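Student: I have a model open on my screen and I'd like to learn how to read it. Can we go through it feature by feature?

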Amino acid sequence: VAFERALQGTGASRRLRITGRTPGIVYGGDNAATLIEIDHNSLWHAIKKEAFHGAILEMELGGKDHKVLLRDLQMHPYKQQVLHIDFQRVEARTRMTVKVPVHYSGEEESPAIKTENCIVNHVLTEMTVSCFPAEIPEFIAVDLSGLTKSSSLRVKDVVLPKGVKAVAKGQVNPVMVSVTPIVEEVEA
């Protein structure tokens, strides 16, 4: 639940935080950007959930329900306090680019770990994908049970859900997981 706020600026935001509220903004869609305030305690408990960061959220604002996506979160350097939060309105007909966490499994059953004395390095912990809002996955599951010595798993090797495309920024096919053998020192 969010409420519209009229005042903006450093002083107004500071006074808002003292009263236990967090300033924010909702932008995108056909409407203009709307300044909002949210109860800090409920927001603090919500940001601890992984699904809050990548799922479509229902926001009640001014008596209407809006579908929004978390875009930015500013934290205090040492206090447990959210300083500012940004949301983007979501339209069902528009493709979105979002970051989705990657969950790895089956690492212990792979031949690289069991018999070949190797270490598995997780290079990517999240993947940038492009899809419609209804198709945004909560996470991407990757099975590592087939890894062998000196192999690697790349983004194009992962099977993504229907309607979801990987977005590679800067690299054509980045490495997600690499396998390196453990080198033992031999005394002379």
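Student: Which exposed residues does the face of α1 turned away from its buried side carry?

Tutor: Some ground rules before that. This is a predicted model, with residues numbered from 1 along each chain as its sequence is written, and local features need pLDDT of at least 70. Side-chain atom pairs count only at pLDDT 80 or more, while totals for chains, interfaces and linings use all residues, and side-chain values use heavy atoms, leaving out hydrogens and water. Buried means under 20% relative accessible area, exposed over 50%, and partly exposed in between (1.4 Å probe, protein chains only). Helices (H or I, at least four residues) and strands (E, at least two) are DSSP runs, numbered from the N terminus. On the face of α1 turned away from its buried side you find Thr10, Arg15 and Ile18, which are exposed.

Student: And which residues of α1 are buried?

Tutor: In α1, residues 10-18, they are Ala12, Ser13 and Leu16. Looking down the axis of α1, they fall within an arc of 100° (taken from the directions from the helix axis to the C-beta atoms), so they line one face of the helix. They pack against β2 (21-27) and β3. Just after α1, Gly20 has a positive phi of about 90°.

Student: How many residues does the largest nonpolar core have?

Tutor: In soluble globular proteins, nonpolar side chains tend to be buried together. A nonpolar core here is a set of buried Ala, Val, Leu, Ile, Met, Phe, Trp, Tyr and Cys residues joined through side-chain atoms within 4.5 Å. The largest one has 25 residues, and Val142, Leu144, Met176 and Val177 have the most contacts inside it. Its largest share, five residues, comes from β7. Apart from it lies another core, of 17 residues, among them Val26, Phe52, Leu70 and Ile85.

Student: In what order do the four strands of the open sheet run?

Tutor: Strands pair if DSSP finds at least two bridges between them. The order is β10-β7-β9-β12, with mixed pairing. β10 and β12 (165-166) each have a single partner strand, so one side of each is left without a neighbour in the sheet. β7 and β9 run antiparallel, joined by six bridges, and Val100 stands opposite Met127 in β9.

Student: What is the phi of Asn117?

Tutor: Most residues other than glycine have a negative phi. Asn117 has a positive one, near 55°. Asn117 lies in the loop between α4 (111-114) and β8 and is partly exposed, at 38% relative accessible area.

Student: Last one: how many helices and strands are in the protein?

Tutor: Four helices and 13 strands. The radius of gyration, taken over C-alpha atoms, is compared with a globule rule of 2.2 Å times the number of residues to the power 0.38. The protein comes out at 22 Å, well over the 16 Å that the rule gives for 188 residues, so it is more spread out than a compact globule.

Methods:
Contact = heavy atoms within 4.5 Å.
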